[in-house]
Amino acid sequence: MDLFSPDEHDLIVELMNLGVGRAAHALSQLVNDEVLLSVPRLEFISVPEAQEAFRKDLPPFLAGVLQDFEGFISGRAALLFPEARSLELVNAMIGEELSADEITELEQETLAELGNILLNHCLATLANQLKQQVKTDIPRAFNSSVSELPCNLNLSANDPNNTLVMLVQIDFSLRHSALRGYLAFVIDLQSADSFLLALREYLAELL
Amino acid sequence: MTDSTPLNILLVDDSRIARLTMKHMLQSLEMSLNLLEAGSADEAETVLSTEHADIALIDFNMPGRDGLELAAVITERYPHIRMALVTANIQDALAQRARDLGMEFLPKPASVEQLGAFIRQDT
């Protein structure tokens with residue numbers, strides 16, 4: 001999908017790099033460990049392509065957090081982890097003084113808070129850099145199979161031909177744990193117009 | 001304020017995990033603190049109607065009224081309470097709105113040092 005020019009695409013990658021970098025800093029404070037992140041891989045793809053990418057790239061069962069956002073860019077963001085590894089993150093965040101049962105009990109709330117922090121850092125950095133504002137909703141933790149993911153992301157409810165998926169994939173690496181995490185932002189084409197305008201205004205000042 | 005008088009700190013966040021994380025950090029400050037908790041703006045008002053608080057650490061994005069709406073009420077009714085907005089929403093515009101209300105703005109997760117620096121202004 002060639003909605004964005006090469007310069008605009010580069011700018012989005014740079015802004016997401018900045019946002020994810022800040023999110024990584026936040027995550028490192030939460031887990032008290034060094035967090036290494038790969039360079040984000042950014043793709044703008046259609047709904048069918050997104051469904052195919054999820055099937056191909058993601059593990060069969062996921063633990064994640066959904067957060068709706070609205071403003072110069074509107075849609076739904078998701079932070080996704082392999083379900084089997086999510087308890088490691090929870091354990092790292094809330095410490096070892098809790099029992100395994102307690103950690104399991106707190107998993108959903110912990111993931112929601114983690115998603116709140118990571119997704120907000122990405123979206124807020126994007127908004128700040130582009131001198132725009134975005135309002136984020138309350139995060140919701142969920143567990144699903146990869147086949148149910150499009151439904152969780154509201155993709156099936158939208159017109160597939162009128163929805164653009166901005167998929168950002170990043171790899172996490174902690175000192176004591178290695179797991180793959182994904183960030184996905186689903187935006188509609190109407191919001192992509194104001195996103196595009198903000199990018200062009202930013203570039204006009206820069207170039 | 002003397003060392004023997006604990007500071008009463010109200011933590012307002014809809015996330016139990018966020019409150020738990022903040023409590024761990026505050027306890028590591030080795031200060032005499034009495035921690036109060038609320039999971040919403042409404043709950044915070046209920047707590048404040050019966051308990052004295054010196055400081056309030058308030059999340060922004062909560063079900064019902066947000067942190068700034070709560071802060072406006074606290075400013076009016078309890079002007080002695082020092083407040084910080086502790087939020088992952090690090091947008092400049094939001095930080096400015098918080099400062100306009102006289103609040104400190106602490107990006108979430110706030111570090112122990114950041115929390116300590118804010119709280120010690122009152123000690």
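Asp59(B) lies in the loop between strand 3 and helix 3 of chain B; helices (H or I, at least four residues) and strands (E, at least two) are DSSP runs numbered from the N terminus. This is a predicted model, in which local features need pLDDT of at least 70, side-chain atom pairs count only at pLDDT 80 or more, and totals for chains, interfaces and linings use all residues. Residues are numbered from 1 along each chain as its sequence is written, while chains are lettered from A and ligands numbered from 1 in the order in which they are written.

**Exercise 1.** Determine whether Asp59(B) is buried or exposed.

*Solution.* Step 1: a residue is buried if 20 or more other C-beta atoms, placed from the backbone, lie within 10 Å of its own, exposed if 12 or fewer, and partly exposed in between. Step 2: Asp59(B) has 28 other C-beta atoms within 10 Å, so Asp59(B) is buried. Step 3: contacts (C-beta atoms, placed from the backbone, within 7 Å) of Asp59(B) include Asp13(B), Asp14(B), Gly67(B) and Thr87(B), residues up to four places away in sequence not being counted.

**Exercise 2.** Describe how the buried residues of helix 3 of chain B are arranged.

*Solution.* Step 1: the buried residues in helix 3 (residues 67-77) are Gly67(B), Leu70(B), Ala71(B) and Ile74(B). Step 2: these fall within an arc of 100° seen down the helix axis, so they line one face; the arc is that of the directions from the axis to the C-beta atoms. Step 3: the face turned away from the buried side carries the exposed Ala72(B) and Glu76(B). Step 4: the cover over the buried residues includes strand 1 (7-12) and helix 2 (41-50) of chain B.

Methods:
Two residues are in contact if their C-beta atoms, placed from the backbone, lie within 7 Å.
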